[in-house]
Amino acid sequence: MASLKKVRQVLPRPARFNMVGDGFRVYNYFPNGYPIREQFSPFLMLDFNPEHDFGPSARPRGVDVHPHKGFETVTIAYKGHVAHHDSTGNSGVIHPGDVQWMTAGDGILHKEYHETEFSKTGGPFEMVQLWVNLPAKFKSVPAGYQSIQSGDMGVYKLPGEKGEVRVIAGEMNGVKGPAKTHTPIYVYDMRLNSGAEVNWHVPELFNSALLSIEGEGEVNGSHFKPHDFVFFTNEGETLQLKAKSECTLLFLAGEPIHEPIAQYGPFVMNSMQEIHKAIEEFNSGKFGHLD
Ligand code: MN
């Protein structure tokens, strides 16, 4: 019989934000804010830019050309619009409710910035970027991305118009998400009204956590307030959540990858030898070209 998953810790938002380029005002929950990366595989990094208005700008704010290799970046837009271009020749805009699931795989160059028209006016901007590790056997898959539109999400509707859970990846109570993942992962964008109650299950061995983008409530007996990160143990399978205000919540769970992690900035491999090789490949132009 399924039992309630235990809450390990309720971690408040880290004290300080940092700027990623000049367009992302992020709180890094891990690995810098809290040293939980080793316990939270396959997730490597979580940056949260809570709602912020950067104001109008003639030149789009953001991050200029940079590489990635050996993992995936998942960008979730809540408010505002994020444009991207990459060295495979692809580009696009991530609108509110959309997700870009990029597989850096064997190496990519890209740039990420506020969409041009949005930059001109400014306005509320809110987003999350997650880094998800790839196991050794998939670190060299060709680079690419899934552009997942808001309307593509699997939707689990709560009875009585109490809100919905938009399943990005994995499944919830039989509703499946559109993202193709290299290891089993659940990612939900939960939009709940005050008083909503919802239960779901994840395999006991999956690592899991809940981030409050907005709103407060109770999950498995622990209270959370806006921007709290509720980190669960691997004991139990059931999640039992009650929203005490209107909530936007990000739920993450995944099967751990039991492999060593070697990281140098935007390269995540299994050994330092592979990191040195990645740096050489990048320097020799193997990741392609992007202006
Ligand atoms: Mn990037």
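Tutor: One term before we start: buried means under 20% relative accessible area, exposed over 50%, partly exposed in between (1.4 Å probe, protein chains only). This is a predicted model: local features need pLDDT of at least 70, side-chain atom pairs count only at pLDDT 80 or more, and totals for chains, interfaces and linings use all residues. Residues are numbered from 1 along each chain as its sequence is written, and side-chain values use heavy atoms, with hydrogens and water left out.

Student: Which protein donors does the manganese ion have?
Tutor: His66 (NE2), His68 (NE2), His110 (NE2) and Glu112 (OE), at 2.1 to 2.3 Å from the ion. Donors here are N, O and S atoms within 2.8 Å of the metal (3.2 Å for Na, K and Ca); water is not among the atoms, so sites may look incomplete.

Student: What spacing do the donors follow along the chain?
Tutor: H-x1-H-x41-H-x1-E. His66 sits in strand S5 (residues 62-68) and His110 in strand S10 (residues 108-114), so this pair ties together parts 44 residues apart in sequence.

Student: Are His66 and His110 buried or exposed?
Tutor: His66 is buried, and His110 is too.

Student: Switching topic. How many helices and strands in the chain?
Tutor: Two helices and 26 strands. Both are DSSP runs, numbered from the N terminus: helices are H or I, at least four residues, and strands are E, at least two.

Student: And how much of the chain is buried?
Tutor: 53% of the 291 residues.

Student: What box do the C-alpha atoms fill?
Tutor: Roughly 55 × 45 × 35 Å, along the principal axes.
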